[in-house]
Amino acid sequence: MLKSANGRIIGYIRGITDGYISLLVCELVIDQNYRGLGIGTDLLKYVHNLFPKTRMELLASSSSRTYYEGQDFRNFYGYRKTFEEW
């Protein structure tokens, strides 16, 4: 899902879902000049509305953590490893 202004992409969301239990947001990117305008929230709500019975999950960076906490997302714990780390 893309959000545009004057033909320019200013926001983007990408995710995967099984359609029933989990909706994993893999990426949410908003142009720095358009942050704080509710675009990210609109994209999250739009996607969750497509699969309203699912649990939305996402990963955040240290700089975006406060945004998601402000949106009342609960913290959860996970692990990550790249192929090269084996």
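1. E69 is partly exposed, with a relative accessible area of 42%, where buried means under 20% relative accessible area, exposed over 50% and partly exposed in between, with a 1.4 Å probe and protein chains only. Its partner R65, at 46% relative accessibility, also counts as partly exposed, and the side chains of E69 and R65 meet in a salt bridge at 3.1 Å, N to O; the term salt bridge stands for a side-chain nitrogen of Lys or Arg within 4 Å of a carboxyl oxygen of Asp or Glu. Because E69 and R65 are 4 residues apart in helix α2, about one helical turn separates them. An α-helix has 3.6 residues a turn, so residues three or four places apart point the same way.

2. The model is a predicted one, in which local features need pLDDT of at least 70 and side-chain atom pairs count only at pLDDT 80 or more, while totals for chains, interfaces and linings use all residues. Residues are numbered from 1 along each chain as its sequence is written, and side-chain values use heavy atoms, with hydrogens and water left out.

3. As to the overall architecture, the protein has 2 helices and 4 strands, and from the N terminus on its elements run β-β-β-α-β-α; helices (H or I, at least four residues) and strands (E, at least two) are DSSP runs, numbered from the N terminus. The C-alpha atoms fill a box of roughly 45 × 30 × 25 Å, taken along the principal axes, and 23% of the 86 residues count as buried. Among contacts between residues at least 6 apart in sequence, 44% join residues at least 24 apart, a contact being heavy atoms within 4.5 Å.

4. Helix α1 covers residues 39-50, which is 12 residues, and spans 17 Å from its first C-alpha to its last, close to the 16 Å expected at 1.5 Å a residue; the expected span is 1.5 Å times one less than the number of residues in the helix. The buried residues of α1 are I39, G40, T41, L43, L44 and V47.

5. The structure holds 4 salt bridges, and one of them joins D31 to R8, with the closest N and O atoms 2.4 Å apart. This pair links distant parts of the chain, since D31 lies in the loop between β3 and α1 and R8 in strand β2 (residues 8-17), 23 residues apart. D31 is buried at a relative accessible area of 17%, whereas R8 is partly exposed at 39%.

6. E27 forms another salt bridge, with R14, and here the closest N and O atoms are 2.8 Å apart. E27 lies in strand β3 and R14 in strand β2, so the pair ties together parts that are 13 residues apart in sequence. Both partners fall in the intermediate accessibility class, E27 being partly exposed with a relative accessible area of 31% and R14 partly exposed at 38%.

7. The largest pocket has a volume of about 540 Å³, and of the 18 residues that line it, L58, F73, R74, N75 and F76 are the closest to its centre. On a 1 Å grid over the protein atoms alone, a pocket is an open set of points where a 1.4 Å probe fits, with protein on both sides within 12 Å along at least five of seven lines, and lining residues have an atom within 4 Å of a point; grid points are joined across faces, edges and corners, and a volume is the space filled by probe spheres set on the points. β4 (55-58) and α2 (65-70) each supply at least two lining residues, and the largest share, 4 residues, comes from β4. By class, this lining has 7 nonpolar, 5 polar and 6 charged residues, where Ala, Val, Leu, Ile, Met, Phe, Trp, Tyr, Cys and Pro count as nonpolar, Asp, Glu, Lys and Arg as charged, and the others, Gly among them, as polar.

8. The second largest pocket has a volume of about 450 Å³, and of the 22 residues that line it, the closest to its centre are L28, I30, S64, Y67 and Y68. The elements that give two or more residues to this lining are β3 (22-30), α1 and α2, with the largest share, 6 residues, coming from β3. The lining residues divide into 13 nonpolar, 7 polar and 2 charged.

9. A backbone point deserves mention. D72 has a positive phi of about 65° although it is not a glycine, and its place is in the segment after α2. Most residues other than glycine have a negative phi. D72 is exposed, with a relative accessible area of 67%.
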